Amino acid sequence: MRTSGILMHISSLPSRYGIGTMGREAKRFVNFLAEAGQTYWQILPICPTSYGDSPYQSFSSFAGNPYFIDLELLCKEGLLTKEECEQYFWGEKETEADFGILYQNRYPLLRKAHERFCENRPESFEKFCRKEKKWLDDYALFMALKDANDGSAWPEWSKGLKFREAFAMEEAKRTYEKEVDFYKTIQYLFFRQWRSLKKYANGKGIQIIGDVPIYVAKDSTDVWANPAQFYLDEELNPIDVAGCPPDAFSEDGQLWGNPLFRWDVMKKDGYAWWTDRIRAMSKIYDVVRIDHFRGFDSYYAIPAKDETARNGEWRTGPGMDLFETVERKLGKLNIIVEDLGFLTPSVLKLVKDSGFPGMKVLQFAFDTREESDYLPHNYASHTVVYTGTHDNDTVMGWMNTAPKESVKFAKKYFNLTRKEGYHWGMMRGAWASVSDLAVVPMQDVLGLGSKARMNTPSTLGCNWKWRAKKSDITLRLAKKIRKCMKAYGRERKEGGC
């Protein structure tokens with residue numbers, strides 16, 4: 001079945017309070033998707049963000065981002081008041097999230113909500129804590145200890161806490177009991193709102209595609225609580241770290257700095273950590289998109305002491321053994337894989353053997369030096385096509401910054417015209433392709449330029465900020481998209497509201 005979706009992260013939704021949330025505007029966006037004949041809403045990871053504000057560098061692979069908790073819903077529950085929410089400053093620009101301001105102002109409100117929540121705890125809270133205990137206990141203690149250590153990374157904590165010595169851990173649980181309870185409450189509130197939003201979306205016929213990064217942050221509960229699963233030395237410092245080798249776009253390569261997995265250890269315990277992660281993400285999302293899938297075939301390892309990625313080496317990953325093991329435990333997996341970049345025959349074989357659909361990105365198609373697998377006439381149907389991803393410029397930005405010959409080629413290939421709008425022509429190209437699923441970023445739907453770009457890889461300080469305005473998301477636009485869905489056989493038949 002031919003389907004389509006729109007990519008927009010929760011943070012990019014309109015909101016009165018500085019960042020998109022899981023409340024009224026999220027449900028309004030679901031209505032928009034339904035009216036537009038869409039089947040999918042794709043989002044980025046919903047985990048708590050850390051330094052750099054990237055959803056791909058999180059304090060936990062399992063926790064939810066407290067910023068996405070809707071304040072208006074908390075007001076309806078009597079946990080906050082409108083006056084309390086409006087006494088804080090939420091940023092200068094309606095179209096940008098200011099994470100510095102959010103960090104300063106969101107938590108005081110959440111602590112007020114926690115105090116009132118404690119006055120009348122529902123039974124469902126204790127049930128939630130028991131059900132999610134495997135990750136929740138470590139996460140809540142981790143965050144409490146970060147606060148107690150002025151936000152410093154866990155390798156800088158005292159020896160007893162760094163190495164999770166029994167006496168130090170028990171003492172910490174007693175000392176920071178109230179803080180641990182706060183972080184558990186925040187996760188309860190997050191997932192209660194998330195379940196409500198997902199139920200609403202599914203009720204409208206909209207499925208949610210969620211992103212799972214292959215790697216985790218060094219300063220995370222994942223590494224602190226499971227050091228044996230990662231490639232660390234006796235002092236729990238990374239030996240080698242993740243990244244990408246030098247290429248035509250970066251002469252030094254990309255140094256991501258994430259700890260690498262000890263795949264040999266993971267194999268011995270039946271990939272328990274990965275099984276838990278995919279199980280959790282499969283419950284949160286309807287479809288899981290796994291980032292950097294090629295890293296499961298072979299991954300680039302860089303000495304941790306290096307300042308560039310030049311001296312790394314390729315090593316063999318777990319391959320199909322991981323996915324066959326997880327599937328035996330969890331059943332058939334509903335997964336999309338990010339298989340972009342330079343793909344070796346073994347990577348292509350892994351994608352084929354997995355049976356998961358890979359990705360095609362139109363912006364990668366128009367290098368005039370060679371025939372590209374990203375040109376739509378080369379697609380297989382079992383793929384997902386994008387005009388661009390969160391790491392690409394917008395279509396309109398690309399038209400202004402890409403090599404002139406590439407832009408000329410794209411205009412000729414899709415018969416792009418200024419009258420139609422170059423972004424509409426590119427989206428038309430995605431929708432008309434044979435790919436089973438076509439996904440377009442909301443920025444392209446709106447025809448926005450480079451200022452609306454979500455992320456420029458290997459840069460800090462100006463990413464992950466873009467937000468839509470309430471006036472952008474209209475019934476008129478939804479109806480225009482729906483006409484295109486009818487034309488290209490991608491319309492979801494059940495209507496929205």
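Analyst: Start with valine 288, which stands opposite isoleucine 335 in E9. Strand E6 (residues 287-290) and E9 run parallel and are joined by 3 bridges. Strands here are DSSP runs (E, at least two residues), as helices are (H or I, at least four), numbered from the N terminus; two strands pair if DSSP finds at least two bridges between them.

User: What kind of model is it, and how are residues numbered?

Analyst: This is a predicted model, where local features need pLDDT of at least 70 and side-chain atom pairs count only at pLDDT 80 or more, while totals for chains, interfaces and linings use all residues. Residues are numbered from 1 along each chain as its sequence is written, and side-chain values use heavy atoms, with hydrogens and water left out.

User: How many strands form the open sheet, and in what order?

Analyst: The open sheet has 8 strands in parallel pairing, ordered E9-E6-E3-E2-E1-E12-E11-E10. Strand E9 (335-337) and strand E10 (358-361) are the edges, each pairing on one side only.

User: Which strands does E4 pair with?

Analyst: E4 is joined to strand E7 (residues 298-303) by 3 bridges, antiparallel. Aspartate 240 has proline 303 as its bridge partner in E7. E4 also pairs with strand E5 (residues 254-259) over 3 bridges in the antiparallel sense, and cysteine 244 stands opposite glutamine 254 in E5.

User: Why is E4 largely enclosed?

Analyst: Because 5 of the 5 residues of strand E4 (residues 240-244) are buried, the strand is largely enclosed by the rest of the structure. Buried means under 20% relative accessible area, exposed over 50% and partly exposed in between, with a 1.4 Å probe and protein chains only.

User: Switching to helices. What covers the buried residues of H6?

Analyst: The cover includes helix H5 (123-131), helix H8 (166-175) and H9, with contact meaning heavy atoms within 4.5 Å. Among the buried residues of H6 are Trp135, Tyr139 and Phe142. After H6 comes aspartate 150, with a positive phi near 55 degrees.

User: And the core: which residues touch the most other members?

Analyst: In the largest nonpolar core, of 155 residues, they are Trp41, Trp194, Trp274 and Met442. Helix H9 (residues 177-203) gives the most to this core, with 11 residues. Such a core is a set of buried Ala, Val, Leu, Ile, Met, Phe, Trp, Tyr and Cys residues joined through side-chain atoms within 4.5 Å.

User: What does methionine 442 touch?

Analyst: Leaving out residues up to four places away in sequence, methionine 442 touches Ile6, Leu7, Met8, Phe29, Phe32, Trp466, Ile473 and Leu477.
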